[in-house]
There are 2 protein chains.
Amino acid sequence: MSTPDTATSKSPAGIRDVAALAQVSTGTVSNTINRPDTVHPRTRAAVEKAIAELGFVPNQQARVLTGASSNVIGLVVLDIESPFYMEAAHVIERTVRESGHVVMLCNSEGDTTRESGLLAMLAAQRVRGVLLAPASLDEDSDPYKDLPGDLPVVLIDYNGGPEHCSISVDNVAGGRLAIEHLLQLGHTRIAVVGGPTGLRQFADRAQGAREAIIAAGMDPEVSLIEVSTSGIGIQDGRRAAELLLEGDSPDAVFCGNDMLAFGVYRGLIDAGLSVPEDVALVGYDDIDFARDWVVPLTSVRQPIDELGTRAARLLIEHSAREDSHTHRQEVLPPELVVRRSTDLRAPAQH
Amino acid sequence: MSTPDTATSKSPAGIRDVAALAQVSTGTVSNTINRPDTVHPRTRAAVEKAIAELGFVPNQQARVLTGASSNVIGLVVLDIESPFYMEAAHVIERTVRESGHVVMLCNSEGDTTRESGLLAMLAAQRVRGVLLAPASLDEDSDPYKDLPGDLPVVLIDYNGGPEHCSISVDNVAGGRLAIEHLLQLGHTRIAVVGGPTGLRQFADRAQGAREAIIAAGMDPEVSLIEVSTSGIGIQDGRRAAELLLEGDSPDAVFCGNDMLAFGVYRGLIDAGLSVPEDVALVGYDDIDFARDWVVPLTSVRQPIDELGTRAARLLIEHSAREDSHTHRQEVLPPELVVRRSTDLRAPAQH
DNA sequence: TTTAAAAAATGAACCGGTTCAAAATTCTCG
DNA sequence: CGAGAATTTTGAACCGGTTCATTTTTTAAA
């Protein structure tokens, strides 16, 4: 009943089927779809009727093959599990959708081999371009020098130098912001829970922390306790807290990301300390949970929204005009969000 | 230096370019790529050399056009922000990647209009199939009756009846599990924070709660306090807690998801109550955070991994053999994970 | 050395759209 | 009514691969 038995073709209807049914040429069908104003209203009606009758859906692949630019954008992140990249994926999906594109989501899991495999497959798909949160962190040799089929790429959360477009956040400045805030509150023994050595973002944040200490005329050797962790999850933070409490307890802790901070929080609570009375706590990223944590967490906010939006826009622009494109590196400033984990006077909401 | 100036063609090299350079026919190039054993080693070497020289990457779109099945799978979720769907997206991405496919990630934002737009665009992309967490919750009329171009679809987290493939979790059983646990611990005034009325999953969980109360020979009117919220976020849970504390305080709270539970936790703490001593707390979903919450949260675990894995496999299977496919509905059992928010004797880790 | 069989290579046609020069139709106006 | 202009419609060629019946080359057997 729902499907008229005239539709016996197994493969979905093509433009030629429509043309035959509407008794016009394929060119006219194409025009009806793409330039409706150039076809006579009577003809147009007939074609539209045929399209509806056959349930015809134009094949986007064939379209791209004839020169139309693809509306697919690849997104390769190095860790989907991390709330930061999840939130980034979210805003990117939205921006991209609003400009009429779709996202192909890929997870490199921090593995450079997998990453290049994904880039090859995206090139084969002839996507319009790729947003890449790089797994490779080698600063010296440029690992993205020759991409398969000169795929337009915008690096996110990583500045890959003048050879690439990129949008990143100034991590050194972020580390500085956090420590300046703690110093201003009068803390003098500050721990930095820095994440795994080797992750550039985290190293930069720790670097900013040292700079702030020095700028305040203090000695990092004395006032700064640096701890590195093997991972960047809650459990890693908890272990770091236990480690810290073995020695002289710090009066403030700055963590390389919010998950670590949540773990540190638990470690402190379990040891009978309270936040912020005994120890002040600062995180990084300002993920959604930070605001709603039991003690709302002071955190260095990365402008994820802007990062995602700008990255998507830059990529679309970059992939639009093939020639005369000069690579652009945008660096966004981080922002400190003060909450009760450092300052009890902070408003309950924000 | 890196690019020989012989490569002056602007558009990426095609198979005919390779054929010309290697002095063979296009058919031979195609064979070298797809059936290397049918071409003479000497010829193969020449072709491979040409491919490398030109940086040739076969166009997947053209391949699909000639009949190869697409390796792209659409994933439409109704709320990327929710940790539950994020985790689902994560495991789906992995499963799909391991079977040689890619995910196109789309967010319907719970909007049925947007959802059908996305389905149309995925149909136009000629994706292999779609995993759909439906925005439409109308049980009576089947909103996915006629999909554009008979796209293979597997519904996730929603049983759409015999007309569709689906993988879902038994939410009624989940609600029962939670309440049975609380009853066993001796609680007699149990609140249910049920999320927005109208979300099927949440309604089912509340239904299960009632069933458990009745099965225990108690009166839902007396022992069950049902509260609905406008959203399903932390803030909504907090407001619900405030509401609950206005009347006779319950001695246990069961929440429709973990985020609500986190909010309720904060509301209770802010009111000077402690968990689980004063009030026991049970969440739903068992997202990653539940285990690591300040007081680890007892939660009804949805087997997200299995949900995602099975859904992906079912879809690939479904989209493989066009004919003789009978729709299958799989319903997975939820599982109660007991932690300290209801039982202090629970192990610290799990 | 011939010949038959096996292996390798060929290239035109096709997938499903778009394009555009050329042909057909309709409209305008003297 | 007819010429010229404007509007519509046409359909073959093309995008970049794959396919497969056919031709060419190589190998094995007689």
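**Interface and sheet**

Trainee: How many salt bridges are counted between chain A and chain B?

Mentor: Keep in mind that this is a predicted model. One pair that meets in a salt bridge is R94(A) with E109(B), where nitrogen and oxygen lie 4.0 Å apart, and the cut-off is within 4 Å. Between chain A and chain B, the count of such bridges is three.

Trainee: How many nonpolar residues does the side of chain A that touches chain B have?

Mentor: Across this interface there are 20 residue pairs in polar contact, both residues being at pLDDT 80 or more. The elements of chain A that each supply at least two residues of the touching side include α5 (83-98), β2 (102-107) and α11 (258-270). By class, that side of chain A has 13 charged residues and 10 polar ones, while the nonpolar residues number 28.

Trainee: Which residue of β2(B) is the bridge partner of V103(A)?

Mentor: Strand β2(A) is joined by three bridges to strand β2 of chain B, residues 102-107, and the two run antiparallel. Within that pairing, V103(A) has as its bridge partner in β2(B) the residue L105(B).

Trainee: Which strands are the edge strands of the six-stranded open sheet in chain A?

Mentor: The sheet has mixed pairing, and its strands follow the order β7-β6-β8-β9-β10-β12 in chain A. From one strand to the next, the twist averages 20 degrees. An edge strand here pairs on one side only, and this holds for β7 (224-227) and β12 (335-337) of chain A.

Trainee: Are β8 and β9 of chain A parallel or antiparallel?

Mentor: Within this pair of strands, V253(A) has L281(A) as its bridge partner in β9(A). Strand β8, residues 252-255, and strand β9, residues 280-285, are linked by three bridges, and their pairing is parallel.

Trainee: What angle does the direction of α11(A) make with that of β9(A)?

Mentor: Another helix, α10(A), lies across β6 (190-193), β7 and β8 of chain A and runs at about 140 degrees to β7(A). Helix α11(A) packs on the sheet and touches β6, β8, β9 and β10 (298-301) of chain A. With the direction of β9(A), that of α11(A) makes an angle of about 155 degrees.

Definitions and conventions:
Residues are numbered from 1 along each chain as its sequence is written. Chains are lettered from A and ligands numbered from 1 in the order in which they are written. This is a predicted model: local features need pLDDT of at least 70, side-chain atom pairs count only at pLDDT 80 or more; totals for chains, interfaces and linings use all residues. Side-chain values use heavy atoms; hydrogens and water are left out. A salt bridge is a side-chain nitrogen of Lys or Arg within 4 Å of a carboxyl oxygen of Asp or Glu. A polar contact is a pair of N or O atoms within 3.5 Å; within protein, one must be able to donate a hydrogen and the other to accept it, and residues adjacent in sequence count only if both atoms are side-chain atoms. Helices (H or I, at least four residues) and strands (E, at least two) are DSSP runs, numbered from the N terminus. Ala, Val, Leu, Ile, Met, Phe, Trp, Tyr, Cys and Pro count as nonpolar, Asp, Glu, Lys and Arg as charged, and the others, Gly among them, as polar. Two strands pair if DSSP finds at least two bridges between them. Axes are lines fitted to C-alpha atoms, for helices over the stretch in contact, and angles run from 0 to 180 degrees between N-to-C directions. Contact means heavy atoms within 4.5 Å.
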